[in-house]
Amino acid sequence: MLEAIVERKRPGKDKILSLVVLFVGIIMASGYLGGGQEAVSWIGVTLGLLAAVTYALFIWFSGKTAKQVAPITRSAIMLSGSFILVMLVFPPHFLINGSLHEALLPWALLLALFGVVIPPLFYAIGVPHIGGGLATILSAAELPTAVVMSYVVLNESVNWLQWLGVGITMFGIALPELMKRKKSPAVIVGANVSA
């Protein structure tokens, strides 16, 4: 939606179809259809949608801002700004009370590397090449990854509906590329016939 509003460019049929498939897959993979949930929290829904908006803005700005700057520099600037904002909202008491050096440091380093350093760096490198719309679709792989890791690492139970949702989500991620490849041979054949 952001790409359509800002760039005044309607999304193609492949993106719309992919988003519909992703939406179905994500609902199934989240376990919501399995039942057992309490009533929907509208505060939670609102905060989730706001998180989605800020995430979409992050992806869009990753692809549009300062393309001439080296990806590692752009990533460092974004992370520095994020660090300052987080420190203002959540003051770093762990630096003073000693919990960082007791047991928190190894986990903090792992989380920092795989959650904070590597993803923005790869976004800064990749998004300018593939565009914000496709990057957003690819980022939907986060939920299937979380489901698989919760099953493998945390030994949580994952029902068949969630596994089906993971498969549908992965199919939705691959769908634009599959549709693009399906169109390409037809164009080449048509060009040969007209020649």
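Where is the place of Asn155 in this protein? Asn155 sits in the loop between H8 and helix H9 (160-194).

The model you are looking at is predicted, so local features need pLDDT of at least 70, side-chain atom pairs count only at pLDDT 80 or more, and totals for chains, interfaces and linings use all residues. Residues are numbered from 1 along each chain as its sequence is written, and side-chain values use heavy atoms, with hydrogens and water left out.

Start with the overall plan. The protein has nine helices and zero strands, and from the N terminus on its elements run α-α-α-α-α-α-α-α-α. Here helices (H or I, at least four residues) and strands (E, at least two) are DSSP runs, numbered from the N terminus. Of the 195 residues in the protein, 21% are buried. Buried means under 20% relative accessible area, exposed means over 50%, and partly exposed lies in between (1.4 Å probe, protein chains only).

How do parts of the chain meet? A contact means heavy atoms within 4.5 Å. Among contacts between residues at least 6 apart in sequence, 77% join residues at least 24 apart.

Now look at the outside. The protein exposes about 13900 Å², and carbon and sulfur atoms supply 74% of it. Such accessible areas come from the Shrake-Rupley method with a 1.4 Å probe, and for residues only the protein chains shown count as cover. One nonpolar patch on the surface is formed by Phe83, Ile84, Leu85, Val86, Leu88, Val89 and Phe90, with about 770 Å² of accessible area together. Patches are made of residues with over 30% relative accessible area and no salt bridge; like charges are joined within 9 Å, and nonpolar side chains (Val, Leu, Ile, Met, Phe, Trp, Tyr) within 5 Å. A salt bridge, in turn, is a side-chain nitrogen of Lys or Arg within 4 Å of a carboxyl oxygen of Asp or Glu. Val86, one of the patch residues, is in helix H4 (residues 71-89). Val86 counts as partly exposed because its relative accessibility is 40%.

Helix H6 (residues 99-130) is our next stop. H6 bends by about 65° at Leu105, and a proline, Pro106, follows within four residues. The bend at a residue is the angle between axes fitted to the seven residues ending there and the seven starting there. Which residues of H6 are buried? They are Leu100, Pro120, Leu121, Tyr123, Ala124 and Val127. An α-helix has 3.6 residues a turn, so residues three or four places apart point the same way.

Take Pro120 as an example from H6. Pro120 counts as buried because its relative accessibility is 9%. Leaving aside neighbours within four places in sequence, Pro120 is in contact with Phe58, Ser75, Met78 and Leu79. Pro120 and Leu79 are 41 residues apart in sequence, yet 7.9 Å apart in space, C-alpha to C-alpha. After H6 comes Gly131, whose phi is positive, near 90°.

Leu134 belongs to helix H7 (residues 132-138). With a relative accessible area of 19%, Leu134 is buried. Apart from neighbours within four places in sequence, Leu134 is in contact with Lys15 and Pro176. Leu134 and Ile173 are 39 residues apart in sequence and 8.8 Å apart in space, C-alpha to C-alpha.

Helix H8 (residues 142-152) holds Leu143, and Ser150 also lies in H8. Leu143 is partly exposed, at 25% relative accessibility, whereas Ser150 is buried, with a relative accessible area of 12%.

Is Asn155 buried or exposed? Asn155 counts as exposed because its relative accessibility is 65%. Most residues other than glycine have a negative phi. The phi of Asn155, however, is positive, near 55°.

Finally, visit Ser18 in helix H2 (residues 13-29). Ser18 counts as buried because its relative accessibility is 0%. The side chain of Ser18 reaches the backbone oxygen of Gly172 at 2.5 Å.

How values were computed: Polar contact = N/O pair within 3.5 Å; in protein donor to acceptor, adjacent residues only side chain to side chain.
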